[in-house]
Amino acid sequence: MMTRRNLLAAALIAPLLLLVLVSFIVPLGATLYRAVEDAEVPSILPQTTALLKQWDGKDLPSEQVYHTLIHELREAQEQQKAGPVLNRLNFEETGLRSLLLQGLRASQQFNGSTKQHLIALNPRWADPHVWDLIKRSTGPWTPLYFLRSVDLKLGPGGVVVPTADEEAVFIKLFIRTFEISVVVTLICAVLAYPIAYTLSILPQVWTNIGIMLVLIPFWTSILVRTTAWFIILQREGPINALLVSLKLVDQPVTMIFTRFAVYLAMVHVLLPFAILPLYSVMRGIKPDYMRAAASLGAPGWRRFLRIYLPLSMPGVAAGALMVFMLSVGFYITPALVGGSGDQMISYFIAFFTNTSVNWGIAAALAALLMGMTGILVAIAWLLVPGFRSGGVRV
Amino acid sequence: MSDPIVVFDKITKSYDGINTVVHELDLSIERGEFVTLLGPSGSGKTTTLMMLAGFEEPSGGTITLDGRLLNHVPAHQRGIGVVFQNYALFPHMTVAGNLSFPLEMQGIGRSERDQRIKAALDMVKLGPLGERRPAELSGGQQQRVALARALVFQPKLVLMDEPLGALDKQLREHMQMEIKHIHEQLGVTVVYVTHDQSEALTMSDRVAVFNQGRIQQLASPSTLYEEPANAFVASFIGENNRLVGTVVARDDRYCQLRLEDGTQIEARLAGDLAIGSKAVLSLRPERVRVGPGEPDTNAFTARIEELIYFGDHTKLRLSLGGSSGFMARTDFKDGLRDLQRGASVPVSWSRDCGRALPFSEQE
Ligand SMILES: Nc1ncnc2c1ncn2[C@@H]1O[C@H](COP(=O)(O)OP(=O)(O)OP(=O)(O)O)[C@@H](O)[C@H]1O
Ligand SMILES: [Mg+2]
């Protein structure tokens, strides 16, 4: 039975649910939808699409199919709408765009059979696989983007095969993204632990000052802080000037556009996210636990390993989780201070969204990133003690 | 004859270098004894205990345990069991894990550990709960685990800082008896801190009454109750009537006190009181006889200001000797069930029950 209290609770939670729905579930759904949707060819080449649905896929299609394809493409081109279709088909297999453009250009002079003209123009038109590729693009759904996100594609006959080496970039990218994130998370945890511990045992006045020192950079925009590193790490920047003037090095050291710079700037940006949860957990560890351990005969290092470390573990877990999640989505910092080999997956998601306008692959990469992050966090949840309480000690 | 296990010699403690919270404390604890530190909040009981456990360093003086100077021995090498007020059970370990911890620290092997854990759990009647986490236990059960953990590694000395403070009255009284029995059974020396006087009186061999960082009296419970050394102890232990007056006559056992309103009372001397000096008469409410009967040395008629009913007895607030806060206690053995507020009743007490103590300004 719904009591008044329950009703009240539901009414209080409703705005939150709505917020989660609007800000999380809807965009997530839209992203997943984008990643599998296949609308370019069916919407711009509707007749070709309809004809190809009836094609048996074994022999070459009839003259009518060749003719309709070229005809619809030309109309689209005249209305400036051919771009998305050509992009879509070229993404299915590189080279399809030039094949189609070549056919389009030549078709002005065609008289008689379009099929024979095209085959004469380029023997690929006699390959049923080309038509297979076009048919695969006629929607309404496609596994293409997800397959490509893990360097796979559909080969002849619809078999899943690895993509050509020069196109197989995404798995490497995912590995690099998680590698950078794991390294940054480890560095942050190792640095945050003693800092948070010191903060937790200082007298209150000093703790407040310390927390301020942690929070001030935290309140500064990521872009500003990254730009600061960009300037500091330059070949002609202050660090190199100092090193050279102290005669520690003969030549300025290359720091900008390296992995080192990425780690440095990311750790700097993310460290507060590791310190704050750790500090709050450590603050709650009563000194009586350590006293009890001492009275029971444990020397300092054993007290730390057996009592303090496990009790502070929820803070480590909460901080590491936060840092890891944020690292995985990092974009600006590696883009500014990293080299071409240090870019993370978000850089490519942004690139596909803004520059090459291939929202399908951008959405698939984003969804996959989220899925993999979720799986990694779930593994940590199962393996790391103290993780489950999410930093809340009982 | 005397075989002290712990000796405090002129122990002084100041946390900030300005306020001294323990003043030149001398205390000697016999082997196997149950000694309670009793006193009001902030009187330095915990501080004294913490110095013995090794969590605080004395600012001056020495502590010895079994003849060994403790001042610079770290806590983990002292071998003293401690029961904390909030138990301080390790929340990430099971009950058995908590008990196993001190044994592991001593390098005791698995099978003996298991045996001793089981014995300790049986001793505190928690046999089947070894695999629970502390958070899954009731307050009383947690208290028992804390007790078992402080005893399982067989220390010669166990310290307890208000171990029963968080329990309800009934459970507290039950645990008092259990702790007492365990103490007798194991023969371990216990130093116990409480600010509950009845707890101190029922459990201890000797009680050290603390006030403002000083031991006011160190004595057996009956001595504390019957012969408090000073007015602070008299008023802190049990209920007490205090009447201030001047000594007008004395011999070597008794004296005559004249109160401000002229009332004269005869009482036993409990300190060296010269004629003409100010003194406090200390008298327990239960020593006052209410109603007619064999008149005692001191017999008066008092007005009833208030009746407080307790079931097995009734307390009376009376006007007597210029004070309207004189308490008496009666169980109606002498009849008189129809006492009324505002009525007058005869009251009397023996001169041996009233104790005349030197008056000190600070109270
Ligand atoms: N860590 C500390 N730093 C500074 N002063 C302290 C500290 N611990 C205790 N004190 C002070 O020392 C005095 C004695 O404290 P202590 O804890 O020994 O009293 P207590 O007798 O145990 O009182 P309670 O019954 O309230 O526990 C108090 O005035 C207290 O404010
Ligand atoms: Mg205390």
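1. A salt bridge is taken here as a side-chain nitrogen of Lys or Arg within 4 Å of a carboxyl oxygen of Asp or Glu, and over all chains the structure holds 30 salt bridges. The model is predicted, with local features needing pLDDT of at least 70 and side-chain atom pairs counting only at pLDDT 80 or more, whereas totals for chains, interfaces and linings use all residues. Residues are numbered from 1 along each chain as its sequence is written, chains are lettered from A and ligands numbered from 1 in the order in which they are written, and side-chain values use heavy atoms, with hydrogens and water left out.

2. On the interface, 20 residues of chain B are in contact with 18 residues of chain A, contact meaning heavy atoms within 4.5 Å. The size of an interface is often given as the accessible area lost when the parts come together. For chain B and chain A the buried area (accessible area, 1.4 Å probe, lost by the two parts on being put together and summed over both) is about 1900 Å², and carbon and sulfur atoms give 67% of that area.

3. Across this interface the rule finds 2 salt bridges, one of which joins Arg306(A) to Glu104(B), with the closest N and O atoms 2.6 Å apart. The rule also finds 3 residue pairs in polar contact across the interface, both residues being at pLDDT 80 or more; a polar contact is a pair of N or O atoms within 3.5 Å, where within protein one must be able to donate a hydrogen and the other to accept it, and residues adjacent in sequence count only if both atoms are side-chain atoms.

4. On the side of chain B that touches chain A, the elements giving two or more residues are strand E6 (80-83) and helix H2 (95-105) of chain B, and H2(B) provides the largest share, 4 residues. Helices (H or I, at least four residues) and strands (E, at least two) are DSSP runs, numbered from the N terminus. By class, this side of chain B has 15 nonpolar, 2 polar and 3 charged residues, where Ala, Val, Leu, Ile, Met, Phe, Trp, Tyr, Cys and Pro count as nonpolar, Asp, Glu, Lys and Arg as charged, and the others, Gly among them, as polar.

5. Within chain B, Lys118(B) and Asp122(B) form a salt bridge with an N to O distance of 3.0 Å. These residues are 4 residues apart in helix H3 (residues 110-123) of chain B, so Lys118(B) and Asp122(B) are separated by about one helical turn.

6. The largest pocket has a volume of about 590 Å³, and of its 25 lining residues the closest to the centre are Phe91(A), Phe352(A), Ser356(A), Val357(A) and Asn358(A). On a 1 Å grid over the protein atoms alone, a pocket is an open set with protein on both sides within 12 Å along at least five of seven lines, a cavity is a set of points where a 1.4 Å probe fits but cannot get out, and lining residues have an atom within 4 Å of a point. H5(A) gives the most to the pocket lining, with 5 residues.

Technical notes:
Points joined across faces, edges and corners; volume = space filled by probe spheres on them.
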